[in-house]
Amino acid sequence: MPTIEIKGKHPLFGTIAVQGSKNAALPILAATLLCDDDCKVNNIPPISDISNMQILLSATGKQIKQQSQTYLCEASKEISPFASYDITNRLRASFLVAGPLLAREGYAEIAHPGGCPIGARPIDLHLKGFSKLGASIHTKNGYISLKANKLKGNKIYLDFPSVGATENLMMAATLAKGTTLIENAAAEPEIIDLANFLNEMGAQISDAGTDTIKIEGVSSLHGGEHTIIPDRIEAGTYMLAAAATGGKVTLTNVMSEHLTPVIAKLKETGTNVTMKDTTVTVEGKSSYRAVDIKTLPYPGFPTDLQAQFCAMLCCAKGTSIITETIFENRFMHIGEFKRLGAKITTEGRTAVIEGTPRLNGAQVCASDLRASAALIIAGLMAEGTTTVSDSGHLLRGYHNIVENFKSLGAQIELFS
Ligand code: EPZ
């Protein structure tokens, strides 16, 4: 795994164009399995999670032609509804092909995606929803088989507003017979983007973005074209890096309405944030206030920016409290921050951060995608040199992140 070396205390200045959303592109590419026509998807981020989804789709027979950041997902008469462990093991989101394959082929056999460092990542809500739509479910040798001659619309209540379960069940319900209601549904912007794409394909989905989504089943879907929304988590990562280093950074191709909780919390620290059309400018201060953060389903504060905000709060004036309500093990970055001199204590899903005037560079190790980005932010804040080992996680979700930080004036190098 590559290592990143950072010489800290260089405020960031400049402009970054935000890529398309990883978490919108993954379900939308899976959704192209639902029709026999060509689909054109623009603004796909060039990251390894997308490459792995492309490998998975071509293994089912769905051929994808890539023209820069536009993917042409070609019509495919023969689809093999099978996702093997060697692929699902590399991409947890591979389970998002379950709904489309079940709806289109009446059958899907997918290796259980397993967990990841931030949590067990169960799929019980996906499976409960599929059975409500009439599918039979069997698990054997680590594979899940789903079978249904014809899915039937039903009312599905999600015990938790799971993003993936909402996406999988919405996709499956598009070709079910009759009406499906998904109650206590996730409302993330990525859900709305997927619903918009499905409706462009001829689906009849209403109220995506609310806690109850209605899907009127149709007999078939056709091809469509779509442009992926900007990645709010990538945008938030650079915003927090600018604020934490006391620099001034403008982000272009941003939908600021997707970043309301992050902007509100940054302003609460005293950071200056201005929005104009599709740009957001963050101007950090040499000293900023502590704030409390509680991660929640959208429109609450996003769990995917918790580690990055935690990095910034290590040097805030005062004591901050972070509560992580979404994942059971998303504080792995905290032990690494303490190696840099941060004063943090954790109790279950709560972290108490006593702001300290400075962090000092050290060797740290990345555990997952967003923790890796948080460790870079901490390294940019620290006096001296910080090396982040196991930085390969970054490539899953951030395109050109080292080059981008370099273009903003960071002293940062990637060693493969
Ligand atoms: C999506 O994961 C995102 N990934 C995650 O982003 C994000 O953190 C998460 O939503 C929450 O916003 C993609 O969209 C590809 P969930 P997902 O189902 O769908 C529990 C990143 O860094 N749950 O909303 O897997 C689960 O254990 C990644 O880009 C069940 O109990 O998240 C967790 O505690 C990380 N049973 C909570 O729900 C289920 O069947 C949220 O999970 C499903 C989920």
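Is cysteine 310 buried or exposed, and what is its relative accessible area? Cysteine 310 is buried, with a relative accessible area of 0%, where buried means under 20% relative accessible area, exposed means over 50%, and partly exposed lies in between (1.4 Å probe, protein chains only). The structure is a predicted model, in which local features need pLDDT of at least 70 and side-chain atom pairs count only at pLDDT 80 or more, while totals for chains, interfaces and linings use all residues. Residues are numbered from 1 along each chain as its sequence is written, and side-chain values use heavy atoms, with hydrogens and water left out.

**Cysteines**

- A disulfide is a covalent bond between the sulfur atoms of two cysteines, and here the term is applied to a pair of cysteine sulfur atoms within 2.5 Å.
- The structure holds zero disulfides; for cysteine 310, the nearest cysteine sulfur belongs to cysteine 314 and is 5.1 Å away.
- Cysteine 365 is likewise in no disulfide, and the nearest cysteine sulfur, that of cysteine 116, lies 15 Å away from it.
- With a relative accessible area of 33%, cysteine 365 is partly exposed.

**The strands around S23**

- Helices (H or I, at least four residues) and strands (E, at least two) are DSSP runs, numbered from the N terminus, and two strands pair if DSSP finds at least two bridges between them.
- Strand S1 (residues 3-7) pairs with strand S23 (residues 385-389) in the antiparallel sense over four bridges, and the bridge partner of isoleucine 6 in S23 is threonine 386.
- Strand S22 (residues 363-365) runs parallel to S23 and is joined to it by three bridges, with cysteine 365 having serine 389 of S23 as its bridge partner.
- From S22 the chain crosses through H12 to S23, and this β-α-β crossover is right-handed, which means that, with the strands pointing away from the viewer, the path from the first strand over the helix to the second runs clockwise.
- Valine 388 lies in strand S23 and counts as buried at 1% relative accessibility, and its C-alpha atom is separated by 39 Å from that of asparagine 196, 192 residues apart from it along the chain.

**The strands around S11**

- In a regular strand the side chains alternate between the two faces of the sheet.
- Strand S11 (residues 179-183) has a covered face with Thr180 and Ile182, and an uncovered face with Thr179, Leu181 and Glu183.
- S11 pairs with strand S10 (residues 155-157) in the parallel sense over three bridges, and tyrosine 157 has glutamate 183 of S11 as its bridge partner.
- The chain passes from S10 through helix H6 (residues 163-173) to S11 in a β-α-β crossover that is right-handed.
- S11 also pairs with strand S13 (residues 212-216), in the antiparallel sense and over five bridges, and threonine 180 stands opposite isoleucine 215 in S13.

**The second largest pocket**

- A pocket is found on a 1 Å grid over the protein atoms alone, as an open set of points where a 1.4 Å probe fits, with protein on both sides within 12 Å along at least five of seven lines, whereas in a cavity the probe fits but cannot get out; lining residues have an atom within 4 Å of a point.
- The second largest pocket holds about 320 Å³ of space, a volume being the space filled by probe spheres set on the grid points, which are joined across faces, edges and corners.
- Its lining has 20 residues, of which Lys9, Ala244, Ser286, Tyr288 and Pro357 are the closest to the centre.
- Helix H8 (232-244) and helix H12 (369-381) are the elements that give two or more residues to this lining.
- The lining residues divide into nine nonpolar, seven polar and four charged, where Ala, Val, Leu, Ile, Met, Phe, Trp, Tyr, Cys and Pro count as nonpolar, Asp, Glu, Lys and Arg as charged, and the others, Gly among them, as polar.

**Backbone exceptions**

- Most residues other than glycine have a negative phi, and most peptide bonds are trans.
- A cis peptide bond, with omega about 10°, joins tyrosine 298 and proline 299, and proline 299 is in the loop between strand S18 (293-295) and helix H10 (306-313).
- Arginine 121 has a positive phi, near 55°; this residue is found in the loop between strand S7 (107-111) and helix H5 (124-132) and counts as partly exposed at 22% relative accessibility.
- Aspartate 207 has a positive phi, near 70°; its place is in the loop between strand S12 (204-206) and S13, and it counts as partly exposed at 44% relative accessibility.
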